[in-house]
Amino acid sequence: MKHAFLKTISPLLLSGALAIPAVSAFAESYIPSPEVLESRRQFADDRFGIFLHWGIYSMFGQGEWYLNYGPDAKEYSKAAKGFYPAEFNAKEWVSAIKDAGAKYICFTSRHHDGFSMFDTAQSDYDIMDATPFRRDILKELADECQKQGIALHLYYSHIDWTRDDYPQGRTGHDTGRDPSKADWDSYYGFMNRQLTELLTNYGPIRAIWFDGWWDHDEDATPFDWQLPAQYEMIHRLQPSCMVANNHHQTPFPGEDIQIFERDLPGENTAGLSGQEVSRLPLETCNTMNGMWGYKIKDQNYKDTKTLIQYLVKAAGMGANLLLNIGPQPSGELPATALSRLKEMGEWLQANGETIYATEAGPFPAQSWGTSTKKGDRLFLHVMTPETDAIVIPENVKIKKAKEFISGKPLKTAKAGRHDVVLLPELPDSRDFIIECEI
């Protein structure tokens, strides 16, 4: 995740010995497979997922970027010897997330600190070899996701602040690495071998979620990440696996999801999502409190009303919400996060029909709220009513309207070329939903 201050495969490919051009035939002619197209459809129907930022950085309680701010990588790595998340229970995690109404999980398999939260043969710096816990957390999580019908996405960092062979970028300058030992072919091969493990040993993975492209300033120091061959490898290993990249640019060839960090599509309040909105499935990722990884002082959790309304606004733009939780070093999900999940789940249990498998509304968000659409059913999500009537943009004609929950008919009227839905006396709700036939 970018920090706010930065506003069947060829053995040669796996070894990193083969120099692969920046643009390949794949990049120019990428046509999603039928399997990927089906994954895109399922993903777009889901609308709600949970992001889990978890690694040995949780032990410091300073967020996932702690290593970037001065600790020596060798000293930092010693924390792994004390990482024993005794309370980790994959079944409890997945159950809580499923009960919240989320349809998928995105888990940080390896973050910028280089520690692998899975069993890898490419390094001893992983959950199985470097910690006394010696349980493959990802395997347990993947198995439980399959049991409970939750799709699994895997975050994977293109950056590594601990390996000498990763070419120095804009971050991780004070971790004690030796820039003279940078070796892109070596590092590229390492990543591809790890990705092959992830896509071979953990069952169906619906998406690989990359992060870190922004570490090299493309204007000042052009850098070839060799993404086309890496993307092609992923699609070959699991034909239904989608590729996403949190690069804050217009999507590159070979990508299947467009990500907006800390913003809804088309907005750029955080300064990280100014790119044009594509026709790919859309996802906005945001935090439940302030940080991605666990920070002991960060108890600034958004209230349930705010979270529900953010989910609704995303759906109104045809986008998913990937809502983040930073698990504690003990392996527990924070109590406040669990409380928010429970309340969101209760709301979605009653109102999920207006969110899941819907399209963006036929008009932009209005001052009173937004809309979602399913066939000839239009759902008006009234979150901030200003008057006792909702004026519909003139390109939409209302046949009839009713309260979504109660089914009680609502009166409609005309105001010039606009249809108007007359509101009853509204309760103090997070989202008053009107179902219209159009």
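Guide: Two strands pair if DSSP finds at least two bridges between them, and strands (E, at least two residues) and helices (H or I, at least four) are DSSP runs numbered from the N terminus. You're looking at a predicted model, where local features need pLDDT of at least 70, side-chain atom pairs count only at pLDDT 80 or more, and totals for chains, interfaces and linings use all residues. Residues count from 1 along each chain as its sequence is written, and side-chain values use heavy atoms, with hydrogens and water left out.

Visitor: What makes E12 and E16 a pair?

Guide: E12 and strand E16 (residues 418-422) share three bridges, and the rule asks for at least two, so they pair, in the antiparallel sense. Within E16, Val421 sits opposite Ile390.

Visitor: Why do E12 and E15 count as edges?

Guide: The open sheet runs E12-E16-E15, three strands with antiparallel pairing. Strands E12 (389-391) and E15 (412-415) each have a single partner strand, so one side of each has no neighbour in the sheet. From one strand to the next, the twist averages 30°.

Visitor: How do you know that Thr304 is buried?

Guide: Thr304 has a relative accessible area of 5%. Buried means under 20% (over 50% is exposed, in between is partly exposed, with a 1.4 Å probe and protein chains only). So Thr304 is buried. Leaving aside neighbours within four places in sequence, Thr304 is in contact (heavy atoms within 4.5 Å) with Arg340, Glu343, Met344 and Arg430.

Visitor: Which helix holds Thr304, and what makes that helix mostly covered?

Guide: Thr304 belongs to H9, where 10 of the 13 residues are buried. Among them are Leu307, Tyr310 and Gly316.

Visitor: How do you know what span to expect for H9?

Guide: The expected span is 1.5 Å times one less than the number of residues. For H9 (residues 304-316) that gives 18 Å, and the helix reaches 18 Å from its first C-alpha to its last. Just after H9, Gly318 takes a positive phi of about 75°.

Visitor: Why are H5 and H6 called oblique?

Guide: The axes (lines fitted to C-alpha atoms over the stretch in contact, with angles from 0 to 180 degrees between N-to-C directions) of H5 (residues 90-99) and H6 (residues 137-148) cross at roughly 45° and come within 9 Å. Under 35 degrees is roughly parallel, over 145 roughly antiparallel, 65 to 115 roughly perpendicular, and the rest oblique. H5 and H6 are therefore oblique. The contact includes Trp93 of H5 and Leu141 of H6.
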